[in-house]
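Dear colleague,

Please find below the structure I wished to pass on to you. My notes on strand pairing and salt bridges follow it.

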Amino acid sequence: MEVKNRILSEKRAFPAAVFELPSPPPSLKGLKFLEAKESGITAKAAYYGKIDFGVGGEPTDNLLVLSFARTAKGWLYDRADFVNLAALPEVRKELAVGDLKYLKETPEAQPSGIIPPIPVEVPPAKYIAKVYVFCPGREVRVQVNKISQHRFANAKEAEVVIGGAVDGPNEVQFATKKLEGGTGKEAMTIRVYLMSEVPGTQPIKAYEYQIPEGQTAKPFGSDHFQVDPATAHKLTGR
């Protein structure tokens with residue numbers, strides 16, 4: 001259901017889009033095994049190194065975490081989480097020499113012992129939207145329209161808004177927290193982009209909360225962005 005919701009939120013066809021992989025999953029060959037942990041019916045295995053998605057360019061050293069769930073038939077692969085460490089050069093140095101402190105501070109790398117409940121199915125999105133967050137030294141949680149929930153930690157990445165954006169007001173809520181090793185004064189950006197289906201049209205920045213280096217982020221925030229008829233035309237051409 002999680003995969004289906006993401007596909008529908010990107011306005012792609014389900015189930016055909018399940019098989020439209022842009023590249024094969026990255027190989028573990030050549031990666032450095034860091035640790036494996038088990039908690040109840042869940043487990044995680046972490047790897048570090050040049051993770052190659054086969055899309056060109058020179059792979060850099062990053063983190064790959066594999067998740068597993070235990071069933072009556074034994075351990076089954078669940079998912080893989082890629083953690084881009086481009087904004088965390090110190091973490092790269094630590095992992096390269098076997099210092100696993102970062103893994104202990106990162107929930108994505110720790111088994112929870114709980115299988116998440118099956119999410120509610122969402123209808124196909126009317127407008128494709130993405131949440132982008134840059135948050136070195138912080139954890140940022142973002143919720144869009146009380147449906148799409150996102151968590152970022154020491155991150156510079158974007159995720160698809162589940163359910164997409166809707167006509168009229170769209171709600172954005174966020175919470176921030178300093179992580180161990182952070183100063184609480186790092187620059188931070190939270191944005192929501194609307195993705196146009198019209199060829200040649202750039203994504204529209206619908207929402208932004210941003211602070212420069214040296215300032216303190218709000219612990220909580222709530223706001224709205226609008227999809228009016230003019231914006232809808234830019235997104236769909238209709």
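In which sense do β6 and strand β7 pair, and over how many bridges? In this predicted model, the two strands are antiparallel and share six bridges. Gln143 stands opposite Gln149 of β7. Three residues separate β6 and β7 in a hairpin, and Asn145 in its turn has a positive phi of about 55°.

Strand β6 (residues 138-144) also pairs with strand β9 (residues 168-178), again antiparallel, through seven bridges. Here Glu139 has Lys177 as its bridge partner in β9. Five of the seven residues of β6 are buried, so the strand is mostly covered. Glu139 and Lys177 also belong to a network of salt bridges that links them with Glu108, Arg141 and Arg151.

The whole structure contains 17 salt bridges. Among them is the pair Glu2 and Arg79, at 2.8 Å from N to O. Glu2 lies in helix α1 (residues 2-9) and Arg79 in strand β4 (residues 74-83), so this contact ties together parts that are 77 residues apart in sequence. Both side chains belong to partly exposed residues: Glu2 has a relative accessible area of 42%, and Arg79 one of 33%.

Another salt bridge joins Glu208 to Arg191, with the closest N and O atoms 2.6 Å apart. As Glu208 is in strand β11 (residues 204-211) and Arg191 in strand β10 (residues 188-195), the pair connects parts 17 residues apart in sequence. Glu208 is partly exposed at 34%, whereas Arg191 is buried at 18% relative accessibility.

Yours sincerely

How values were computed. Residues are numbered from 1 along each chain as its sequence is written. This is a predicted model: local features need pLDDT of at least 70, side-chain atom pairs count only at pLDDT 80 or more; totals for chains, interfaces and linings use all residues. Side-chain values use heavy atoms; hydrogens and water are left out. Buried means under 20% relative accessible area, exposed over 50%, partly exposed in between (1.4 Å probe, protein chains only). Helices (H or I, at least four residues) and strands (E, at least two) are DSSP runs, numbered from the N terminus. Two strands pair if DSSP finds at least two bridges between them. A salt bridge is a side-chain nitrogen of Lys or Arg within 4 Å of a carboxyl oxygen of Asp or Glu.
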